[in-house]
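Please find my notes on the model below.

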Amino acid sequence: MKKTFMGVRLRSLREERGLSQLALAQQLGLSPSYLNQIEQNQRPLTVPVLLRLHATLGVDIQAFSEDEEARLIASLREALADNPGGDAVALAELREVATQMPAVGRALVALHQRHRDAMEQLEALAGELGDGRGDLARLPQARPMPFEEVRDFFFAHQNHIAPLDEAAEAFAAQWKLREGNPGDRLAHRLLEAHGVHVVPAEDGDAGAQRRFDPASRVLRLSPHLEPGQHAFQLATQLAFFEVADMLDELVAAAPLSSDTARSLARIGLANYFAAALLLPYGEFLETAEHLRYDIDQLARRFGVGFETICHRLSSLQRPEARGVPFFLIRVDRAGNISKRQSATHFHFSKTGGTCPLWNVYEAFAQPGRVLTQLARMPDGRAYLWIARTVSHGYRGYGSPNKTFSIGLGCDISHATRLVYSKGMDLRDPEVPTPIGAGCKVCERETCPQRAFPFVGRPLDVDENQSRFMPYAAAPDKHSTARAASLKTAARRAASSGSPPRRSP
C-alpha cells in the first residue's frame, strides 16, 4: 500500500471507540505526537501502523484500502453526474471526500439512490394520474429489482462468501472429489446421505438442466450437460442439503426486501458453494498461480467450462490467501449485462450501458478466441481485460442457442501475474484504450463512439459547425470564467508589456 493520508478517517475510528489520542497511542505503541501528526495529515498512515490497528482494535484493513476508495469515488461520480446546481465536481475533490470522509461519501451515494427512487415513484404517479386512476395506495413502490438486490449483496461481500468457501473446501477433501470422477462421487453422496436418486431428464424436461422432486427424492438432470455442468448441478443440489442452515443464515442477514430476492440469493449462494466444492480454494489458487491464471488450462485441469473458471477466479479473496482481484462481466450482442461481479474496486455503472470500446464486444467478431486489452478508465487507472465468447445449446443443429461474451479484468498492477500480459508494454501510458463505465456517466469529451450525452452537462449545439465527436458538452461556468479571466489578464499584460500571470 502506498503512503496515504487518512487522518480524518483514523480520528473518526478513534472517536467511535471512545478513545483519547493518548489512549490509542499507547495501544498502538506510538508517541502521542506521532499519532497527532497522522490525524492532522502531517504524516501518512503507513502499513506498519495499519497492521497495528488491525492487531489491537480488530480494524478491517480493507476499510483503508485504495480499492475501497476507488469504488466510493466511482459511486460518487455517478451520483453527482446529474448535478442540479450545474457545477462539475472535480475528481480531486471526490478523492478527498472518499479518502478523508468516506461516511459522508456513502451518505451522498445513499441520498442519490433515494432521489432516484423518488423520481421513479413520481413517474409512476404521473402514469397513474394520466390514466385517470390516481389511487396512491395502488402505485408500485420504487424498489430495485430482486436480481439487482442479489447482485449488490455479492458486490458488498466482494464476491467472497467465507463460510461457504471454507465448508466447501472441507467437504471436497472429505469426499475426495479430486481423486476420481467428481460427478460419480457427488451422485453417490446424494444417494447415501440423502436418499436422492439421480436419473436423466425425460423428453418433456428438455429445457431444464436440473429438476428435483422432493416427494419422490428423484433428481433429474439434462442429458445434454457437459461433464463439468453435470457435476455443478449435482453440487448445487447438495448445497441445499449439506449447508441449508448456512444458506438460511446468510439470506436472513442480507438486506433483501422481498421473498423473490431472498429465494434468488439462496440459489446464488448454492451456486457459489457448488463452484467452491468443485474448485476448492487452496488447490485452485495454487494451480492458478502456477499456471499464471491461464483460463483454458485451468478449465482442462478441473474439468469445467471457461465461464465457471472465470466466476471462481473472481471470488479468490480469502484474507490470508488472496488471488488476483478480478472483476467479471457477461454481456450479449445487444449490450445487455446479465452478470457483473467484482472482487475489488471496479465500478460497473447502473446508468445506461457499458462502453462500446471494451473488448468484450470485439469478442463477438472472433468467437471462441481469447482477446486481451489494456484499458484506462477516466480516473486514470488502467486494467488488463481478457474476453471470450461462450455458447450454450442443447439440441443440435438448427436449434436456438445462446452466446455471451465473458470479460475478466484486473488492475494493471497485477498484470505481470497473468499469462495474458505476454508481449504487452505495461509501462507505456499511451497503450491502454480509453474506455468508460458507460456513455451517460463518462465525461470523455473527445470520444468518437459516444452514444449519449454526459448526464448533467448541457449540450453545445451550434448549427454553424459539425464535429467528429458527437454530443459535444458546453463548457461549465467555472472553466468559462477562468478562460475569460486569462483573456483579461493577457490583454492587461499586453498593454503593460509584462507577461501574464497564470492562475494556479
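1. Terms for exposure. A residue is called buried under 20% relative accessible area, exposed over 50%, and partly exposed in between (1.4 Å probe, protein chains only). Accessible areas come from the Shrake-Rupley method with a 1.4 Å probe, and for residues only the protein chains shown count as cover.

2. Basis. This is a predicted model, in which local features need pLDDT of at least 70 and side-chain atom pairs count only at pLDDT 80 or more, while totals for chains, interfaces and linings use all residues. Residues are numbered from 1 along each chain as its sequence is written, and side-chain values use heavy atoms, with hydrogens and water left out.

3. Overall make-up. The protein chain has 18 helices and eleven strands. These are DSSP runs, numbered from the N terminus: helices are H or I with at least four residues, strands are E with at least two. Of the 504 residues, 42% are buried. The chain exposes about 26,700 Å², and carbon and sulfur atoms supply 52% of that area.

4. Contacts along the chain. Contact here means heavy atoms within 4.5 Å. Take the contacts between residues at least 6 apart in sequence: 60% of them join residues at least 24 apart.

5. A nonpolar core is a set of buried Ala, Val, Leu, Ile, Met, Phe, Trp, Tyr and Cys residues joined through side-chain atoms within 4.5 Å. The largest one holds 73 residues, and L186, L277 and L313 touch the most other members. Helix α13 (residues 259-278) gives the largest share of this core, eleven residues. Apart from it lies another core, of 18 residues, including Y361, A363, F364 and W385.

6. L186. What does L186 contact, leaving aside its neighbours within four places in sequence? The partners are W175, L177, A231, L234, A235, L238, L277 and L278.

7. E242. This residue is in helix α11 (residues 227-242). Is E242 buried or exposed? E242 counts as buried because its relative accessible area is 18%. Its side chain makes a polar contact with the side chain of H194 at 2.7 Å. A polar contact is a pair of N or O atoms within 3.5 Å; within protein, one must be able to donate a hydrogen and the other to accept it, and residues adjacent in sequence count only if both atoms are side-chain atoms. Beyond neighbours within four places in sequence, E242 is in contact with F171, W175, R189 and H194.

8. Positive phi. Two residues other than glycine deserve a look. Q158 has a phi near 55 degrees. Q158 sits in the loop between α8 (146-156) and α9 (162-174), and is buried at 13% relative accessible area. R217 has a phi of about 60 degrees. R217 belongs to the loop between β2 (210-213) and β3 (218-221). At 29%, R217 is partly exposed.

9. Nonpolar surface. M101, V104, L108 and L111 make a nonpolar surface patch of about 330 Å². Patches are made of residues with over 30% relative accessible area and no salt bridge; like charges are joined within 9 Å, nonpolar side chains (Val, Leu, Ile, Met, Phe, Trp, Tyr) within 5 Å. A salt bridge is a side-chain nitrogen of Lys or Arg within 4 Å of a carboxyl oxygen of Asp or Glu. L108 lies in helix α7 (residues 102-130) and is partly exposed at 35%.

10. R427. This residue is in the loop between β10 (402-411) and β11 (433-434). R427 is exposed, with a relative accessible area of 80%. R427 and I412 are 15 residues apart in sequence, and their C-alpha atoms are 9.6 Å apart in space.
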